[in-house]
Amino acid sequence: MSDTSETIEVLHVDDDPAFTEIVATCLENEDERMTVRTATSAADGLALLDDTDVDCVVSDYDMPGQTGIEFLAAVRERHGELPFILYTGKGSEGVASEAISAGVTDYLQKGTGSEQYAILANRIGNAVSARRSADEAERRRQRLEETTARLEVLFEDSPDMINIHDASGSILDPNAKLCEATGYEHDELTGMKVWELDRTTTPAQATDAWDGMAVGESRRFEGVYERRDGSTFPVEIHVKRLDLEGADRFVVISRDISEQRARERQLERSEHRYRALAGNLPNGAVLEFDTELRYLSADGDLFSRPGVDRETYVGNRLDEVFEGETLAIKREMYEATLDGETCQRRVEYDDLVFRVYTIPVRDDGGAVFAGIVMTQDITDRVEREQKLEQLRERTQELMYTATVEESTSLAAAAADEIIDAPLSGIHLLNDDGSALEPVAVAESLPDVFPDLPRFERGGAPGSRAALVWDVYRSGDPVSIDSLSDSDRVTEESPAESVAIHPLGGHGVFIISSKAPRAFTDTDQLLAEILANNLEATLDRVDREQTLRTRENRLRLLHEATRDLIRAESTREVTERIAEAAEEILGFSLTVVRLYDADEGGLVPVAQTEQVAEVLPERTVFTSDGGSLNWETFDSGTVRIIDDIEALGDVSDSGTGLRSLMMLPMGEFGTISVGETVPRALDDTDEFLARILATAGETALQSQEQRADLQSRQEALQRQNERLEEFASVISHDLRNPLNVASLNLELVAEECDSEYLDGVERAHDRMGALIEDLLTLAREGQTLSEVTDVELAPLVSNCWGSVDTRGTSLVAETDRTIRADRARLRQLFENLFRNAVEHGDTSDEPAADTGSQDATTDGNGPATDAGLTVTVGDLTNGFYVADDGQGIPESERDQVFETGYSTSADGTGFGLSIVEQVAEAHDWSIRVTESEAGGARFEFTGVEFVTE
């Protein structure tokens, strides 16, 4: 929509180009505000709407492509409530109804006479006017919401006492000022009735007053508030009635008028006291006027000015003294004062600014019969306030500067603009500390000083440089009204007035002018404030720059640390340490030393290129050489030397090395960094260097661990090879002779019958079991082939069937699924079951079976007829295997898993060792204890369960 109310931009869309031209001409003739654009299709019309501000669309109905109704729908979707008039020759109730349903603004049939264009122009004007009115109403609504938001802020920050109460008189929300003035807490005032606070009104009076107010109406009252301590004070009360979502609410703004009342009583008692004020009002005057606005008296300092006399006022009416806007303002104030109001205004007159107060004077009956005017020339104060406001804005800008250049340029421009000091400049200490150099100057300074002033250290007494350096070193500002009359500077200078302010360690701020005594006390104060803010800004910029530099160096150091860890050798680690010290931390002289036991000391292994240029060839530092480096290595503490020459006759004195920092790297060695200037290393350097040293120590530890790991891996490989060789011997060299012996035993048994043959057979079986267990220990070890989901109950049942259980029974109290190597887990259960069956016998059968005393026996012992029961059950984080046999004595439980341990002559001593091996391969813990029935119980924990 166009924002210009005098013009109306119209878009006419009709598939008849000739007709659109006629309509455009007629509309522009009917209403000179209208400018008509045309299009012959809805698509062209939409394109024009996207590119052009249009106030109203006029469209035909029956058009090729989109109809007028479809065009209307597209306009509504893309341009909201833009006025849209359907102007068509195909008129019917159906078309009209469809158009209204689609949201058309107006509907008009094409006619044959020229009057149709007047009607159309009128319809367009009305539609645009209505739309603009709606838009304006929306803007007013938004402004109202913004005003409401500001009022909410004002409620808490207002200097007036404010509360909101309901129609029953209950205070709903008092502000902080009301609480402060009355001494009540917020919770105490909340819920209090207004007549409990204002003792001059009753519930009936208050209700009558509220009932007589319309919504939005405001009324003024006076009352007396009672404080929490019982004391009272008069107040002026303004009440406004509001309707907040259907609820009556009253906003009450109160102001303490105790001082005003006291002043009025004093005026009533003695009018001459106000005249006495004239003598105590600098640049002011006190006048009295009557009800006819005629001046009765005039006194004060203002009448001592040339051209200002009392006769101009006394006896004359207001309109005989003033005219124009000044007359209108004063008349409004005086009349308000005669109505009983005290007024205060700032009035501009003859390029001066006055603060004017008017106070009513009352008789004994309280009626106003005159007024007192107190006026004071505040032009200087206003200018000072304006300058202070300008300075406040500039100092706020200084808070957000990012560089020294930006900060100093802003401050120099502020001195020129606010203090009117065109020869001002900011001079900062250069890098080598030899001079204070200009970095920012006022715009006109180069016109006076083609070569910008540069103040060298050590200037001659009486020179400008000497004065500037005195201020910089002392930190005390200097102000001189006239340099030509001052004995502090004998050197000629185009400047006369000068104020020099130190900027801490940064430099000085020189504010000067060609005119003598150019700066007022206000200017001097502003200059001091500006200089103090600039110094704080430069401190901040330095800190931020240091922080950015530190953060960047930390980031690069972090990357370098990763490189150190990835290094493939100790040599590479030390070389990268030296590179990082130089390239990231900026240390030009860096030496990395590692302790070498063969050399008996710290051997230099890496250094930066500049070391060879500055220092003699690096040697080995030993414990008996008095080396500072060795002291650092031995003590494990960082040492920083500001100037090595101050230590006297020590290593590297006289070489050019001045600043030195030495950092230990644990048991590995040291890092030494240095510079050729004294005191070159600060806290940040130490902080970052410590990080580098720690990273170096970590990387060297990693190298040591890698070497140790490699060594152990090689040893393990050799051990595995020996075990494989051992397994091969067992498998071939022992099993083959045993097979031959077993075969021969069968042949002997066929030819003869001897009671000793059974013993030989048992010996062969025991040797076979030993060979199988040895192969398991040698080849399986603590490795797993494939970990899968294993259901315990089916596996336990299957394992039980694979063992000669000889009349014993199994109870499987588990339905869990665990993660395990199925083959290895099978070994675990079979060995446990065999151990239980063979050594859990509770009968009195002798000796062939050692019972539970041999907890590691794996052989085929005699059958037990005692009905032994083996149970497999669940633990919170694992499972257990228990029997109800004789159990394992507590004294032997720590030995049962030892390889070869057995208390049975027939035992191999490998069965439970294999069980332990399988558990450790799965990272399970195993514990032997006593079952509930007194037998043996093996508990396995740390087991990973499979959950659905």
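Let's start at Asp55, which sits in the loop between α2 (42-51) and β3 (56-59); helices (H or I, at least four residues) and strands (E, at least two) are DSSP runs, numbered from the N terminus. This is a predicted model, where local features need pLDDT of at least 70, side-chain atom pairs count only at pLDDT 80 or more, and totals for chains, interfaces and linings use all residues. Residues are numbered from 1 along each chain as its sequence is written, and side-chain values use heavy atoms, with hydrogens and water left out.

Asp55 counts as buried because its relative accessibility is 0% (buried is under 20% relative accessible area, exposed over 50%, partly exposed in between, with a 1.4 Å probe and protein chains only). Its side chain has a partner, too: a polar contact of 3.4 Å links Asp55 to the side chain of Arg132 (N or O atoms within 3.5 Å; within protein, one must be able to donate a hydrogen and the other to accept it, and residues adjacent in sequence count only if both atoms are side-chain atoms).

Now hop along to β23 (residues 601-607). Of its 7 residues, 5 are buried, so the strand is largely enclosed by the rest of the structure. Strand β22 (residues 589-596) pairs with β23 in the antiparallel sense over 6 bridges, pairing being at least two DSSP bridges between two strands. Here Asp596 stands opposite Gly601. The hairpin of β22 and β23 has 4 residues between the strands, and Gly600 takes a positive phi near 75° there. On to strand β24 (residues 621-622): β23 pairs with β24 over 2 bridges, again antiparallel, and Gly601 has Thr622 as its bridge partner in β24.
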